[in-house]
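The following briefing concerns the structure shown below.

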Amino acid sequence: MSDIAARLVDIVGNSHVLIGDAIPDDYAHDEELTLPPQQPAYVVKPVTAQEVSQLLTTATERGVPVTARGSGCGLSGAARPRAGGMLISFERMNRVLEVDTANQVAVVEPGVTLTELDSATADSGLGYMVHPGELSSSVGGNVGTNAGGMRAVKYGIARHNVLGLQAVLPTGEIIRTGGKIAKLSTGYDLTQLIVGSEGTLALVTEVIVKLHPRLGHNASVLAPFANFDQVTAAVPKIVASGLAPYIVEYIDNMTMAALVHTQNLELGIPDQVRDSCEAYLLVAVENRTADRLMEDVETAGEMLAELGATDAYILEGSAARKLIEARENAFWAAKAAGADDIIDTVVPRASMPKFLSTARSLAAAAGGAAIGCGHAGDGNVHMAIICKDPAKKKQLMTDIFALAMELGGAISGEHGLGRVKTPYFLQLEDPAKISLMYRIKQSFDPAGILNPDVLLPAQGP
């Protein structure tokens with residue numbers, strides 16, 4: 001056993017250190033489509049912040065690169081370890097420490113999954129409303145990528161729902177940021193600096209998340225549109241209507257066909273309507289009472305018809321739930337259909353028509369296709385890129401990301417940059433901003449051990 005391995009065993013115990021051939025293949029990758037797996041030298045499973053502190057101190061002293069891992073369901077390669085590096089898995093740090101109903105917060109360890117947190121808060125009538133597509137994802141992963149999901153149009157993304165953190169710096173120092181407080185105007189906001197940093201600044205060992213009341217009644221309206229532009233034009237008006245929908249999603253016809261086929265959906269839409277429409281808008285509303293809910297559903301249906309929908313289908317109970325679950329599984333449908341890459345650009349909501357039409361034209365000109373769905377309520381566009389020529393695909397992705405930025409958007413809305421999108425970010429972003437980010441990185445991580453080459457190059461800009 002090497003000197004480093006012996007030290008890791010001293011910290012967490014022999015049964016919680018994996019080395020060499022003992023490391024299962026699952027630790028070598030996340031769910032990103034294009035990168036080959038990469039085995040780390042060590043997988044370590046701490047159970048306390050103090051153990052994480054000792055692990056990072058050891059890694060800094062020995063110059064060992066460190067990658068953090070929650071559930072491993074990320075889509076950008078941020079949880080893919082480095083060769084010769086250490087993977088710190090938070091699977092044992094999976095306790096819900098407190099559900100504080102008076103302050104409407106929960107205090108959790110980073111390895112807690114969204115399913116586990118939802119179960120722990122159910123009896124309180126409150127819930128954590130950040131729901132990206134995979135509910136096996138961990139709260140720590142949500143923090144690292146600033147996750148969003150379909151409910152972001154009403155409840156916001158992780159950044160809006162994380163109030164405080166305990167985090168360990170690469171020096172081994174343990175800090176606390178924020179707290180059970182609704183606002184903060186005291187110094188730099190370190191909580192928000194760490195949220196979305198993809199494990200490059202510090203490793204989170206405790207999270208204080210905001211909880212919201214669970215409303216007992218919900219329903220969805222599915223509206224097919226003959227013209228794709230009508231869908232995107234309808235979105236701002238739906239959001240501004242006062243209905244406060246908690247889901248506003250667009251799904252193009254090819255993606256819907258794939259979801260219906262792979263998920264065995266029965267939506268009750270006639271074949272002639274399905275064949276003639278270009279895209280769908282899914283609007284979900286919720287309320288405290290059934291009567292008020294039905295008023296909102298009727299209003300939504302009337303608005304959608306006025307905005308050009310061919311029809312409006314009310315989905316309740318299992319039908320609504322199955323469609324939403326299928327939409328959350330759209331990534332797996334795209335993967336099964338042979339997608340060559342996945343992007344999650346975000347643009348101002350009003351710019352979605354121009355972005356989508358131009359992106360599809362760029363893909364067609366490259367001999368490929370850009371299909372998908374997205375969180376229309378907040379301008380987050382999810383596309384499956386089909387382009388078999390690697391050089392053409394790289395240029396197509398560059399052109400689409402440049403288009404999003406030109407329209408006032410960004411490369412990623414919720415998946416993060418990881419190892420895959422970072423090169424595009426470095427090519428397209430303002431060099432002054434990259435230089436500033438690198439100086440921040442150096443302040444947190446002077447030895448450069450935390451997730452090198454994610455967000456920033458290991459050697460600096």
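**Briefing: salt bridges, surface patches and overall form**

Both Arg327 and Glu249 are buried (under 20% relative accessible area; exposed means over 50% and partly exposed in between, with a 1.4 Å probe and protein chains only). The model is a predicted one, in which local features need pLDDT of at least 70, side-chain atom pairs count only at pLDDT 80 or more, and totals for chains, interfaces and linings use all residues. Residues are numbered from 1 along each chain as its sequence is written, and side-chain values use heavy atoms, with hydrogens and water left out.

**Salt bridges**

- The whole structure holds 17 salt bridges, each defined as a side-chain nitrogen of Lys or Arg within 4 Å of a carboxyl oxygen of Asp or Glu.
- Arg327 and Glu249 form one of them, with their closest N and O atoms 2.7 Å apart. Arg327 lies in helix 12 (residues 317-328) and Glu249 in strand 13 (residues 247-252), so this pair ties together parts that are 78 residues apart in sequence. Helices (H or I, at least four residues) and strands (E, at least two) are DSSP runs numbered from the N terminus.
- Glu98 pairs with Lys180, the closest N and O atoms being 2.9 Å apart. Because Glu98 is in strand 5 (residues 96-100) and Lys180 is in the loop between strand 9 (174-178) and helix 7, the pair connects parts 82 residues apart in sequence.
- Glu98 is partly exposed at 32% relative accessibility, and Lys180 is partly exposed at 32%.
- The side chains of Arg82 and Asp453 meet in a salt bridge at 2.7 Å, N to O. This pair links distant parts of the chain, 371 residues apart: Arg82 is in the loop between strand 3 (66-69) and strand 4 (86-89), and Asp453 is in the segment after helix 17 (431-444).

**Surface patch**

- Tyr188, Leu190 and Leu193 make a nonpolar surface patch of about 340 Å². Patches consist of residues with over 30% relative accessible area and no salt bridge, with like charges joined within 9 Å and nonpolar side chains (Val, Leu, Ile, Met, Phe, Trp, Tyr) within 5 Å; accessible areas come from the Shrake-Rupley method with a 1.4 Å probe, and for residues only the protein chains shown count as cover.
- Leu190 lies in helix 7 (residues 190-194) and is partly exposed at 33% relative accessibility.

**Overall form**

- The secondary structure comprises 17 helices and 18 strands.
- Of the 461 residues, 52% count as buried.
- The C-alpha trace spans about 70 × 55 × 40 Å along its principal axes.
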